[in-house]
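Trainee: I would like to learn how to read a few features of this structure, step by step. Could we begin once it is in view?

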Amino acid sequence: MVDGPGLLGRHAELAQVAALLAHARNGRAGALLLAGDPGIGKTTLLEAATSSLPGMRLIRVDGYESESTMPFAAVQRLLTPLRDHLPDVPERHRQALRVAAGEAVGPPPDRFLIGLGVLGLLAAAGARTPLVCAVDDAHLLDSESLDSLAFVARRLAAESAALVLAGRDSPQFATQTAGVPTLRLAGLPTDLAVRLLMRSLPDAIDPAVAVQVATATGGNPLALVDLARDLTVKQLTESSFGDEPIPVGRHLESFYLRQVRQLGDAVQSWLLVAAADSTGDLDLITAAAHELGLPADARDGAETAGLVELGATVRFRHPLVRSAAYNAAAGKDRRRVHRALSVIADKTGLPELEAWHAAKATLGTDEDVAQRLEQVADVAAGRGGFASRARVMVQASSLTPPGPRRYARLVRAAEAALAAGTAQLAKDLVDEVDDEVLDPVSRGRLLALGADYAMFTGAPALTRAGADMLAAADLFHGHDDALEQDALIKAWQVSLPAERSATGTTWEELGARLGAGAEVRDGTAAVILRAISALVLRPYREAVPVIRAAVAAYDELPPEALLQYGHSSIALTTALWDEPARRRCLERTAAAARDAGSLHLLDTALWVLSLTEVIGGSPRRAVQYLEQVRELRRAIGYDAEHVTNVAALAWSPGGREQARAMAEGALAMGFGGVHSTAVAALGTVALAEGRPDDAYDGLEPLIDDPFLHVTPLQYPDFIEAAVRTGRRDRALVVLHDLEDRADANGSPWARGVAEHSRGLLGAHAEDHFRAAIDLLGSVQTPVELGRAHLAYGEWLRRARRRADARTHLQHAADLFDRAGADVFTSRADRELEAAGAQPRHDRGGGPLPDLTPQERTVAELAAAGRTNGEIGATMFLSRNTVDYHLRKVFQKLGISSRRQLAERLHRT
């Protein structure tokens with residue numbers, strides 16, 4: 001096969017693809033992207049590798065340019081031969097696939113949810129017969145399908161399936177396929193290129209000329225074969241010594257262009273119809289050619305020329321032949337062909353195709369065509385095709401006569417682009433908008449886009465994003481009540497990352513505007529707005545019942561509403577010191593995002609869960625959530641290795657200086673929240689290490705310039721630092737505030753840390769420490785509970801009650817072990833030794849160096865009681881892959897059950 005007529009000199013490449021397919025046959029799935037220049041041999045290699053697959057099933061999907069604005073068009077074609085396996089896919093994935101295919105009505109599915117559905121389909125089909133999915137011209141796939149298949153390529157692991165993509169190198173294609181194992185094809189070595197040229201020529205050629213031609217083409221196989229076919233030996237010899245460039249790369253299309261122009265007018269016109277359509281639908285092309293009055297035998301001339309292959313579909317010899325056929329025609333001829341194709345598409349009930357061709361047939365502007373395109377864009381959005389919607393809306397805008405409507409369509413295109421994750425395109429579209437001619441609602445949308453872009457990219461404009469959202473809400477006022485209230489809630493959400501660095505408005509102004517917005521109309525948004533306004537403006541005791549009403553409302557929200565409002569719960573539940581409600585809201589929001597396939601919202605939810613674990617949770621859980629963020633970013637092709645929770649990094653002995661530097665850098669960029677949480681974490685660590693002066697110095701600026709719900713969480717550490725540095729009066733002032741808040745909210749967490757703080761001041765210390773332990777034992781705050789045991793144990797040791805001290809110090813050490821709070825574990829161990837206990841040599845709570853990050857995450861989730869299906873949903877893996885990882889974990893750790901796994905990992 002290697003030296004046959006179809007393939008030459010690709011021994012290593014063919015072996016690599018063959019190994020991938022062999023692994024898939026044996027239940028070790030994988031993916032490979034064949035990338036390279038036009039004509040380099042991607043298609044030939046793909047066909048050679050998949051021509052004989054005994055015991056395997058082959059499904060082939062090709063990319064078509066005309067489908068590039070039809071969301072999930074390629075996924076729909078992939079779905080057709082796999083329909084029998086749909087019952088084996090989870091219901092939400094099955095429904096998403098049907099909505100994406102236009103077969104069902106439902107919420108627009110995220111492209112990554114479709115990816116999960118396709119992954120499940122391939123796993124189910126492979127369980128019956130090992131499966132190979134070959135995708136050629138992948139760079140021509142619609143954006144949603146390419147994103148979905150690239151997602152699948154990154155997640156295949158333990159299925160009996162392989163995915164092989166072949167596509168042309170380009171920056172956009174490389175971005176969408178980032179993280180997919182890639183085999184880049186280069187030109188053939190000179191000796192093999194010469195051999196291919198000489199084998200393809202009908203007559204002998206001078207070897208020196210052959211070498212020169214081979215070198216000039218860079219060993220491009222298609223260029224060599226086509227040169228041999230279409231130029232004589234004499235012409236090749238002359239071209240090799242002349243100034244005319246050898247037709248390769250960008251020159252290859254010019255070469256095909258000359259071929260097309262040598263054909264008769266009717267054949268050229270038929271080729272133009274086929275090139276303009278590019279769906280490959282022979283019946284549609286034939287009907288359009290008839291509409292144009294072309295003779296029926298024109299298509300035979302194109303086939304005889306070797307430029308197309310005719311069957312049930314039309315297939316061009318190479319995409320560059322199609323480009324040449326299209327580019328050979330004058331603009332008026334292209335428009336005439338598109339007009340004919342539009343007529344036929346309309347007659348056959350293909351509205352998307354009709355609108356696309358109608359747009360191509362239009363010279364200048366045409367509002368009627370623009371409206372039809374907008375309808376196509378709406379259909380795309382309904383199927384989850386936000387990238388397709390963006391492209392179609394841009395086209396609709398260009399066909400819209402000058403005026404407000406043109407720019408309003410650009411704004412909606414930018415919204416869709418940002419929803420699809422193409423932030424730079426969104427910014428470029430926004431820059432084209434003349435906001436002075438927009439209607440108020442569109443101007444508000446434009447301002448909201450700027451705030452969303454700042455959040456998405458971390459741009460410096462983030463510091464005034466809240467002020468921009470308030471301005472947007474003012475523009476929506478009186479026009480769209482729902483948009484106004486949503487903009488106000490978003491103003492709060494985008495202001496929080498900046499904290500004290502926010503500009504453009506004051507927090508009092510924000511609170512007042514949110515309160516006014518609550519009165520626009522009743523509903524959940526109004527309840528949330530009243531609560532935020534109360535948090536900002538009212539005395540704490542008065543705000544508590546209003547905030548509690550909002551927290552109750554979050555619990556009643558359905559999953560789709562949680563995606564919209566869930567993140568606004570963080571501040572309110574934190575303000576109440578309601579650890580169970582905070583965790584519950586965030587985990588429900590994460591689950592809703594996961595079920596919807598909204599991985600960007602899930603990324604945010606997991607990130608916030610990691611952040612909240614640093615205060616009121618455990619460092620180990622913070623790291624676990626952070627690893628889930630990394631796993632998610634690997635799944636969607638982002639760099640995950642540098643994802644860092646700066647506050648969690650502060651708990652790592654080797655990361656404290658780095659955390660300090662990153663905190664200062666974040667503050668300079670306007671991320672005040674990152675800075676304050678990192679400084680607070682460094683203060684906690686300083687207390688654990690016996691450096692109360694450092695803790696006090698770091699925390700005092702935060703306490704002196706309090707920020708809403710955040711600063712009270714820092715009160716306990718500040719009180720301890722003040723007590724241990726002899727500043728009792730300052731400690732008492734802050735403690736009174738903490739106790740007042742605990743009395744108002746009734747939170748066991750708040751009351752527990754207040755009792756702990758009161759115990760540090762000395763009077764009736766034992767009673768306060770015992771009360772703290774009882775209260776903190778009822779919530780999931782293991783580090784806080786451990787610190788209460790530690791403080792009580794230290795007090796008992798100083799009171800010479802060493803046996804009692806050892807009991808509480810041991811409890812503290814065990815809690816710190818399981819929580820991953822190593823800096824406190826060391827302190828507890830020192831206290832235990834001082835109390836007469838034997839040193840503990842095997843704490844067992846450290847990292848598991850033999851496990852990969854993915855194995856560690858699977859192990860942690862399994863130890864927490866998650867089923868394989870739940871773990872797969874969390875990590876975007878199939879059940880087979882989860883089972884595979886668990887088997888490896890058990891083997892590496894020398895265990896045989898999940899119970900042993902939980903014990904080994906010291907679950908909290």
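Mentor: C585 is buried, because its relative accessible area is 1%, and buried here means under 20% relative accessible area, exposed over 50% and partly exposed in between, with a 1.4 Å probe and protein chains only. C133 is likewise buried, at 2% relative accessibility. This is a predicted model, in which local features need pLDDT of at least 70 and side-chain atom pairs count only at pLDDT 80 or more, while totals for chains, interfaces and linings use all residues. Residues are numbered from 1 along each chain as its sequence is written, and side-chain values use heavy atoms, with hydrogens and water left out.

Trainee: How many disulfides does the rule give?

Mentor: A disulfide is a covalent bond between the sulfur atoms of two cysteines. The rule asks for a pair of cysteine sulfur atoms within 2.5 Å, and the count comes to zero.

Trainee: Which residues is L163 in contact with, beyond its neighbours within four places in sequence?

Mentor: Contact means heavy atoms within 4.5 Å, and by that reading L163 touches L20, G30, A31, L32, C133, V135, L149, V152, A153 and L156. L163 itself is buried, with a relative accessible area of 0%.

Trainee: At what angle do the axes of α21 and α22 cross?

Mentor: Axes are lines fitted to C-alpha atoms, for helices over the stretch in contact, with angles running from 0 to 180 degrees between N-to-C directions. Helices α21 (residues 404-419) and α22 (residues 423-431) have axes that come within 7 Å and cross at roughly 165°.

How values were computed. Helices (H or I, at least four residues) and strands (E, at least two) are DSSP runs, numbered from the N terminus.
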